[in-house]
Amino acid sequence: MEDPLLLGDGSYRDAFRNFRVIPPVKIMDYKENWDAWDSYTWWWIYLLLFEWIGGKIVPTHSRKPIQSKSFRYRRWGWVVFHFIVITTIFLAGVYTGWNLKM
């Protein structure tokens, strides 16, 4: 079988000469003094703050974990989980599309 990119002189044709190079999409725009460590720190502050607020609102004896059978197919936990995941992926695509500049 003959290679379609191989020219008569033994060299290869530039297979990508008709494609335009697209610059990478900037989804996150880090400012001058903001980096991943700051985001990580704020995530922990957010988590601990709401854990503390939740502990004040809901007493310890009233806290009960969600039963695992709630996450089986077509139960309420399964529906809520998939709704959140699918909505998040959709909104990430919308956000990326709005920020895509060609």
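The following conversation walks through the main features of a predicted model.

User: What does the secondary structure of the chain come to?

Analyst: The chain has two helices and zero strands. Helix α1 covers residues 36-57, and helix α2 covers residues 76-99.

User: What share of the residues is buried?

Analyst: Buried residues account for 2% of the 102 residues in the chain.

User: And the accessible surface, how much does that come to?

Analyst: The accessible surface of the chain is about 10,200 Å². Carbon and sulfur atoms contribute 67% of that area.

User: Which residues make the nonpolar surface patch?

Analyst: The patch is made by Ile 66, Phe 71, Trp 76, Val 80, Phe 81, Phe 83, Ile 84, Val 85 and Ile 89, and its area is about 930 Å².

User: Where is Val 85 found, and is Val 85 buried or partly exposed?

Analyst: Val 85 belongs to helix α2. Its relative accessibility is 32%, so Val 85 counts as partly exposed.

User: Turning to the aromatic rings, how many aromatic pairs are there?

Analyst: The count is four aromatic pairs. One of them joins Trp 43 and Trp 44 in an edge-to-face arrangement, with 5.0 Å from centre to centre and 85 degrees between the planes.

User: Why is that pair called edge-to-face?

Analyst: The angle between the planes is 85 degrees, and planes over 60 degrees apart count as edge-to-face.

User: Which residues form the aromatic cluster?

Analyst: Tyr 40, Trp 43 and Trp 44 form one aromatic cluster. Trp 43 is partly exposed at 47% relative accessibility, and Trp 44 is partly exposed at 36%.

User: How many salt bridges does the count come to?

Analyst: There is one salt bridge. The side chains of Arg 63 and Glu 51 meet in that bridge, at 3.5 Å from N to O.

User: What does the pair tie together?

Analyst: Arg 63 lies in the loop between α1 and α2, whereas Glu 51 lies in helix α1, so the pair ties together parts that are 12 residues apart in sequence. Arg 63 is partly exposed, with a relative accessible area of 39%. Glu 51 is also partly exposed, at 48% relative accessibility.

User: Next, Ser 70. Where is it found, and is it buried or exposed?

Analyst: Ser 70 is in the loop between α1 and α2. At 11% relative accessibility, Ser 70 counts as buried, because buried means under 20%.

User: Which residues does Ser 70 touch?

Analyst: Leaving out residues up to four places away in sequence, Ser 70 touches Arg 75, Trp 76, Gly 77 and Trp 78. With Trp 76 there is also a polar contact between the two side chains, at 3.4 Å.

User: Where does Gly 77 lie, and is Gly 77 buried or exposed?

Analyst: Gly 77 lies in helix α2. Its relative accessible area is 2%, so Gly 77 is buried. Apart from neighbours within four places in sequence, Gly 77 is in contact with Ser 70 and Phe 71.

User: What separates the C-alpha atoms of Gly 77 and Ile 66?

Analyst: A distance of 8.5 Å separates these two C-alpha atoms, and the residues are 11 apart along the chain.

User: Finally, what is phi of Arg 74?

Analyst: Phi of Arg 74 is near 70 degrees, a positive value in a residue other than glycine. Arg 74 is in the loop between α1 and α2. The residue is exposed, with a relative accessible area of 63%.

Methods
Residues numbered from 1 in each chain as written. Predicted model: local features only at pLDDT ≥ 70, side-chain atom pairs only at ≥ 80, totals over all residues. Heavy atoms only, no water. Helix = DSSP H or I, 4+ residues; strand = E, 2+ residues; numbered from the N terminus. Buried < 20%, exposed > 50% of the residue type's maximum accessible area, 1.4 Å probe, protein only. Areas by Shrake-Rupley, 256 points an atom, 1.4 Å probe, with all protein chains shown as cover. Phe/Tyr/Trp six-rings, centres within 6.5 Å; stacked < 30°, edge-to-face > 60°. Patch = residues over 30% accessible without salt bridge, like charges linked within 9 Å, V, L, I, M, F, W, Y side chains within 5 Å. Salt bridge = Lys/Arg side-chain N within 4 Å of Asp/Glu carboxyl O. Polar contact = N/O pair within 3.5 Å; in protein donor to acceptor, adjacent residues only side chain to side chain. Contact = heavy atoms within 4.5 Å.
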